[in-house]
Amino acid sequence: MRRWGPAALVAAAAAPALLLLPPSPAAGADCPATATVSVDTATVELGGQLRLSGTGWCHPDGAGSRIGVKLDEGAISRLDTAVHANRTIWAIVDAAPDGTFAASLTLPDGTTATSAPALDTGPHTLRLLSGSLRGGDTVRSALSGTFDVVGAGSGGPPSWAHTTLAAGGATVWVERTVPAGDGGNLRIKGTGWTGGSGASTVAVKLGSSADGGQYRRTGSGVVAHPSASGDDTVWALLAPGGGSHPHVRELATDGSFEVTLDLPDGRVAGQYLTVSLASGRFAAGDTQRSVTTTPLVVGGVPWTGNDGGSDVTCVPTSASPTVALGSTTASFGGSLRITGTGWCNPAGGGSRIGVKLDEGAISRLDGAVHANRTIWAVVEARDSDGTFSADLELPDGTTATSTPALGGGSHTLRLLSGSLANGDTIRSVESAPFVVGSYRPNGVPDPLPAGALRAGTRAGLTARLQGDRLLVRIPAADRGDWVFLSAYAADGSPRYPWGDRWLRAGDGGRLEVSARSAVLTGRLSLVAQAGDLDGYGDLLGWTGVRFPTAGATPPGPTGTTPPTSPSGPSSPLTPTMPTGGSAAGLAPLAPLPQALVAPAPAAPSYVSLGVLPARGATARLDGSLLTLRVPAASPGAVVFVRVYGVAVLTAGFATLDDRSELFVDPARLAPGAYRVTAQAADGTLLGWADATVPEVEPPTTAVEVEASTTPVAAAPAAEDAPWFDSTDGWLLLVGAGLLLGVGLGLTVGGRAPRTRVAA
């Protein structure tokens, strides 16, 4: 792939993914140097509105930043690209010129109908990011405080100070502060603790030490209940119907409860004390859940132990955190060596680091590593110097090891610290990409820096509208290269009309995409970026395109009236061919009774086909034949067939077989999208269907290819969906016409061996 543009731009785009960010520059005298975010709604129901506000989100040009908002570090994704091509961006907020904002965020409703995966009740956070959504903006990242999500109509959390925990659709609120000494009580409230056919059975246990010790009941205090089986570590049992024992409490049929429990005697201010709740181990068919609080505040003094840290002073070997990969390739189910430096915990020792795959898009199937299943692995940095070395086990490419299954191609890791150990610094570092299986790019490349789109970086890229298709030629791309297209507005912010989709270039760097998108209106800059591993995101060129305003009719394929077929006995249409070629008609079918051969019915216009009913017609490519099924016509009926491509091509009359099907040989059609119609002799449209003739994948090894000026549609990879589908309406294939000098053979018949009619 050839590179264009200033050397500085190319170098910046090809730099390692690890980028050390300078402090955010103030855009003005009144803009704080540090960006902040505040969640103004402490508790919100599923599907409800969350209020948030912030300061310091200034753009260096004096405007406000455009801010991407993620739920739980991107663990919760949208189901489509309506907000952004990166579906982990839940919302986009625009700050005022002074860097402030106030916004209302609609949360998922707790089902897979609104997010992937479904949002659970319990505590959640927001991650706010700037720098990539508006050209020239400052890169910032801010993590919000936690907010509690509760079930709709659950009554919400208690008024007393509490810690919120959630698992498997259940929520529990545990009193945060308890007194020291003897006696005293602990309040707990919960909702959603159901499983199997009704309410769960839940055990409550109290942790007494950081090494796993638990408080135990003695004598008659040991819970007497069939489910507990005399386990003296069960401090209380919450069960359907309750029980006669004083430490067995009732759980309502809807899984809700609110109880006050006694506490162990002899409590000391500042001691270690946790509360755990677990279900699924005491009743057959119950749902398995397990949650544990952080240490409670005893006697007004927080526990000061270091979770996973050390009293060793950590001296980092690098000024900033880094991550490096031992290899740029890996196998499904294999391991990937990762190393890093600079991961020290200010509270002592090394950091505890969470590792995510593809920004959390790949999740574990359980909470064995962490309750947040998007954390694929946890790495412990060395206490003395903050370095680490670990072998990361990758999913095997099936849903048996991850959700969704890990796909082949390019992937990245995101390393995070700050939330897994007390007192640690919040850090976020992305690794360089690595390839699993065969290479293909994933994700959305970083937007271009301010000033990248100028005369010297156009690189000869051209684009023009043909109906509702956009034809693009990228001289900097070779056949088979991966290309990402986006459109930039005048303010330098990117638009993603084609989502996160990567395309394969055809001969001469040609591509064809749909121009039917709500964001494609007015004057925009069409931008092409590279997808190869050593130059991911490089600028391949750009050009200005003026798209029709909403409601306007796009220009036709050639700016003239679409071609129609002439009438006359067995008179095939002479199609318009690319410049430099000669025209060739379509061969008629085997001889039929003269009354059925003439005259040919008038051809429907391609515009009308977009609104006329298809009447259930289907087309499928089956080996070397394209099968058109016309259920609106009876078996044995004679129909007139046309193929719409570069022009309207007459195939002639054909007799349907006993399944109301006929067969078209696509071998004489160039790769691309076509529409096939069937009409009765009187011109009645019996049905139409779209069909795509695939293009052979470009060779993986270098070969000599004869130069050609004939435009060719882009070639999708074997595992890609075709460029065209029936939802696009009329699919015009420009410049991918019939092979020169050859007609189209069309054969009809039943399931017996078929005989092609010679051209």
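My entries on disulfides and salt bridges follow.

**Ground rules.** I'm working from a predicted model, where local features need pLDDT of at least 70, side-chain atom pairs count only at pLDDT 80 or more, and totals for chains, interfaces and linings use all residues. Residues are numbered from 1 along each chain as its sequence is written, and side-chain values use heavy atoms, with hydrogens and water left out.

**Disulfides.** I took a disulfide as a pair of cysteine sulfur atoms within 2.5 Å. That gave me two disulfides. In sequence order, the bonded cysteines of the protein chain pair 1-2, 3-4.

**Cys31 and Cys58.** I found their sulfur atoms 1.8 Å apart. The link is right-handed, with 110° about the S-S bond. It connects distant parts of the chain, 27 residues apart: Cys31 sits in the loop between α1 (7-13) and β1 (36-39), and Cys58 in the loop between β3 (49-55) and β4 (66-71). For these elements I used DSSP runs numbered from the N terminus: helices are H or I with at least four residues, strands are E with at least two. On accessibility, I call a residue buried under 20% relative accessible area, exposed over 50% and partly exposed in between (1.4 Å probe, protein chains only). Cys31 is buried at 8%, and Cys58 is buried at 1%.

**Cys314 and Cys344.** Here the sulfur atoms are 2.0 Å apart. The S-S torsion is about -60°, so I logged this disulfide as left-handed. Cys314 is in the loop between β23 (297-298) and β24 (322-325) and Cys344 in the loop between β26 (335-341) and β27 (352-357), so parts 30 residues apart in sequence get tied together. Both count as buried, Cys314 at 13% and Cys344 at 8%.

**Salt bridges.** My cut-off was a side-chain nitrogen of Lys or Arg within 4 Å of a carboxyl oxygen of Asp or Glu. The count came to 18.

**Glu73 and Arg127.** I read 2.8 Å between the closest N and O atoms. Glu73 lies in the loop between β4 and β5 (89-94), Arg127 in strand β8 (residues 126-130), 54 residues apart. Glu73 is buried at 19%, as is Arg127 at 6%.

**Asp491 and Arg134.** This N to O distance is 3.9 Å. The pair ties together parts 357 residues apart in sequence. Asp491 is partly exposed at 39%, whereas Arg134 is buried at 13%. Shared partners join Arg66, Asp94, Arg134 and Asp491 into one salt-bridge network.
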